[in-house]
Amino acid sequence: MSTDTALEPGTETAYVTAGRKGRRRRDRSVDPIPWWQWVVGIAVAIYFILPTLFVIPMSFGGNGSFQFPPKEFSLDLYVNFFSNPKWIGSLGNSLVVAVLASLLATVVGTAAALGLHQLTGRLSQFLRTILMVSMVTPAIVVAVAVYVSFLQWHLVGSIGGYVLAHAAIGVPFVLVSVTSALGGFDAKLLRASASLGATPWRTFLRVTLPLISRGVLTGAVFAFVTSLDEVVIALFLRSPFFQTLPVQMYTAVTVEVDPTIAAASSLVVVTVTLLLLIPLLVRRPKRR
Amino acid sequence: MTTTTAADAPATATRQGTQIRLEHVTKDYGLATPAVDDISLTIEPGEFMTLLGPSGSGKTTTLNLIAGFESLSAGTIALNGADVGKLPPHKRDLGMLFQNYALFPHMTVAQNVAYPLRERRMPKDVIRAKVQAVLELVQLTGRDDNYPTQLSGGQQQRVALARAIVFDPKALLLDEPLGALDRNLRGALQAEIRRIHREVGSTFVFVTHDQEEAMNLSDRIALFNTGRIEQVGSPEELYRAPETLFTARFLGDSNVFELGTGVTGSSAGWQGATWAVDPGTVSTHPGVLTNAAIVVRPEDLGITTTAAKAPAGSNTVTAVVTDVEYMGSYRTAMLALGPSGVTGRARLDAFDSTLSIGDEVVAHWRPERQRIVAA
């Protein structure tokens with residue numbers, strides 16, 4: 001830019017100012033971020049973290065007090081959480097359901113993404129929309145529908161019912177993330193693999209899956225987390241013998257006023273945050 | 001030499017390599033004309049056969065049909081006499097080279113090359129030995145642990161070549177493998193492919209739209225035109241003895257005199273000139289009898305100042321020089337031939353600087369050097 005302007009002797013002053021501005025920008029290597037964007041950004045971030053900033057200190061506040069700021073430091077709530085069968089049992093239920101549901105959602109979602117990747121045109125769009133519908137439907141609508149149909153199929157209150165319902169709401173996450181991973185996938189590799197003697201299944205295991213593994217893993221983590229903190233469907237499906245952690249937390253607030261919920265919330269927040277960081281930690285094979 | 005070929009190959013395979021026989025092969029996508037329209041072609045064991053043609057002529061579709069990536073609409077494909085038309089690609093045992101290399105980006109060079117051997121469940125030490133041997137053959141030793149993205153385009157294509165031949169496939173199919181490389185590298189890899197064909201001795205089927213590449217590499221060329229094979233023959237046959245105007249125009253430069261009528265006797269007329277016809281130069285294509293053209297290669301066309309100076313017995317036509325191009329090792333005179341000024345060219349000696357633009361000259365050639373083709 002500066003060389004072009006320098007060739008015209010008549011625009012001396014214009015060159016000086018333009019040059020100075022240009023240099024400042026080049027030093028930062030990106031356009032400078034105006035101060036008000038910083039302000040908005042930080043405000044939004046605080047807004048999101050704020051509940052956590054209250055609930056985590058409260059979880060260390062001891063058994064009797066359910067208040068902020070906590071009067072004393074105690075691990076009582078955590079002891080209670082891990083010793084009371086109501087809490088630890090529902091955590092176990094939640095984990096089992098989340099693991100099975102995310103596995104099922106990952107298999108179905110990945111298969112759907114691969115299949116839809118091959119299809120083109122309206123049919124593909126239509127099927128994609130069908131699979132995504134649970135994402136945009138209000139949770140209560142899905143929950144009622146699940147409840148009504150599961151009543152007939154005798155799946156209410158059973159682990160299978162939870163797994164099926166949670167897998168269904170997890171599929172869209174897997175579908176989206178695997179589809180985007182397939183965007184950069186070279187279909188010629190499938191032909192190359194076939195010409196080298198690999199069956200379609202072997203090709204999937206050795207070529208396709210490794211190359212879309214990030215997408216699959218991301219989808220699986222999102223499906224897992226979605227199941228782990230899903231409460232509306234779980235409320236409908238609960239039975240006296242089987243309930244998940246979110247349902248137990250809901251009961252703790254609305255019925256029992258049990259301060260252990262602070263510990264439970266803190267554990268869920270920390271666990272989910274760590275889980276969502278997993279895909280970031282998985283590196284692609286070293287390339288340079 | 002692999003266990004699979006021994007079982008499948010019938011006793012007819014005496015020479016090394018595999019015979020590929022296409023009979024009435026058709027691929028119809030339901031468009032106005034079939035992509036591949038009733039093609040019959042026999043590729044002999046160990047032969048380097050090039051499928052040449054403009055884009056959309058069906059050459060790549062034909063290769064994909066042989067590989068099994070497309071299903072036949074009609075016809076049969078046989079390897080050494082065994083029908084493979086219904087086999088999926090991974091059971092055909094054919095190596096394939098792609099234009100964009102198609103190397104597995106998450107595997108090293110060694111892992112890429114070992115891929116077909118691992119799929120065949122060979123022992124580890126055999127795999128290691130074969131990988132080393134084939135990397136040596138393509139002159140890529142020492143790059144085992146590199147990932148494809150760390151290699152240049154030419155090196156990547158060598159890896160792909162190594163991967164496609166390491167399992168001793170029945171034949172190697174090459175789908176414009178040099179298309180993505182720059183000119184110098186293309187020449188080097190052409191020589192490499194020719195050498196490897198000699199050393200491996202198996203059947204190669206090469207697809208390209210580059211006539212120079214086809215001429216340099218092939219034992220035989222099958223020239224494709226709108227889903228059909230226009231002509232099959234050695235590069236020299238196609239260049240010196242084309243049957244049709246399409247073939248003459250597609251391979252090399254030519255001066256074309258379209259007669260508008262058939263050629264039957266021992267002479268032919270074009271825009272007032274009458275030329276002798278050597279019966280040996282007349283194509284056997286039936287189209288010659290109804291609508292023929294005379295083709296003369298630039299290197300067969302001589303230039304003199306007057307008709308009297310042309311060698312006795314040669315055919316002549318008046319011409320105007322429109323341009324002279326200096327090509328280093330030769331010069332090309334661009335000509336406007338005959339009364340209607342048909343564009344033509346003659347190859348001159350590099351030191352011949354006597355012609356200049358606007359000169360009125362006489363172009364001449366020997367009747368046995370012309371070719372009468374179907375227009």
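Helices here are DSSP runs of H or I with at least four residues, strands are runs of E with at least two, and both are numbered from the N terminus.

This is a predicted model, in which local features need pLDDT of at least 70, side-chain atom pairs count only at pLDDT 80 or more, and totals for chains, interfaces and linings use all residues. Residues are numbered from 1 along each chain as its sequence is written, while chains are lettered from A and ligands numbered from 1 in the order in which they are written.

Helix α2 of chain B covers residues 59-67. Of its 9 residues, 9 are buried, so the helix is largely enclosed by the rest of the structure. A residue is buried if 20 or more other C-beta atoms lie within 10 Å of its own, exposed if 12 or fewer, and partly exposed in between, with C-beta atoms placed from the backbone. The buried residues of α2(B) include B:Lys59, B:Thr60, B:Thr61 and B:Thr62. B:Leu63, B:Asn64, B:Leu65, B:Ile66 and B:Ala67 are buried too.

Now take chain B as a whole. Its secondary structure comes to 9 helices and 20 strands. The C-alpha trace spans about 80 × 45 × 40 Å along its principal axes. Chain B has 375 residues, and 41% of them count as buried. Contacts also reach across the sequence. Among chain B contacts with a separation of 6 or more, 70% involve residues 24 or more positions apart. Two residues are in contact if their C-beta atoms, placed from the backbone, lie within 7 Å.

Next, the strands. Strands of a sheet pair through backbone hydrogen bonds, either parallel or antiparallel. Here two strands pair if DSSP finds at least two bridges between them. One open sheet of chain B has 3 strands in the order β11-β14-β20, with antiparallel pairing. β11 (255-258) and β20 (371-374) stand at the edges, each with a single partner strand, so one side of each is left without a neighbour in the sheet. Neighbouring strands of this sheet are turned by 30° against each other on average, direction ignored. Strand β14(B), residues 292-296, runs antiparallel to β20(B) and is joined to it by 4 bridges. In one of these pairings, B:Ile294 has B:Ile372 in β20(B) as its bridge partner.

A hairpin sits elsewhere in the chain B sequence. Strands β12 (267-270) and β13 (273-276) of chain B pair in the antiparallel sense over 4 bridges. B:Ser267 stands opposite B:Ala276. The hairpin has 2 residues between its strands, and B:Gln271 in the turn has a positive phi of about 45°.

Chain A is built from helices. It has 13 helices and 0 strands. Of its 288 residues, 33% count as buried. Among chain A contacts between residues at least 6 apart in sequence, 70% join residues at least 24 apart.

Two helix pairs show the packing in chain A. Two packed helices are described by the angle between their axes and the distance between the axes. Axes are lines fitted to C-alpha atoms, for helices over the stretch in contact, and angles run from 0 to 180 degrees between N-to-C directions.

The axes of α6(A), residues 122-136, and α8(A), residues 159-182, come within 8 Å and cross at roughly 115°. That makes α6(A) roughly perpendicular to α8(A). Angles under 35 degrees count as roughly parallel, over 145 as roughly antiparallel, 65 to 115 as roughly perpendicular and the rest as oblique. From α6(A), A:Leu131, A:Met132, A:Ser134 and A:Met135 meet residues of α8(A), among them A:Ala168, A:Ile169 and A:Leu175. The contact holds 8 nonpolar, 1 polar and no charged residues. Ala, Val, Leu, Ile, Met, Phe, Trp, Tyr, Cys and Pro count as nonpolar, Asp, Glu, Lys and Arg as charged, and the others, Gly among them, as polar.

The second pair is α12(A), residues 245-256, with α13(A), residues 260-281. They pack at an angle of about 150°, with their axes 10 Å apart. They are therefore roughly antiparallel to each other. A:Leu245, A:Met249, A:Ala252 and A:Val253 of α12(A) make the contact with A:Thr260, A:Ile261, A:Ala264 and A:Ser265 of α13(A).

Finally, the chains meet. 22 residues of chain B are in contact with 18 residues of chain A. On the chain B side, β6 (94-97) and α3 (109-119) are the elements that give two or more residues. That side has 12 nonpolar, 6 polar and 4 charged residues.
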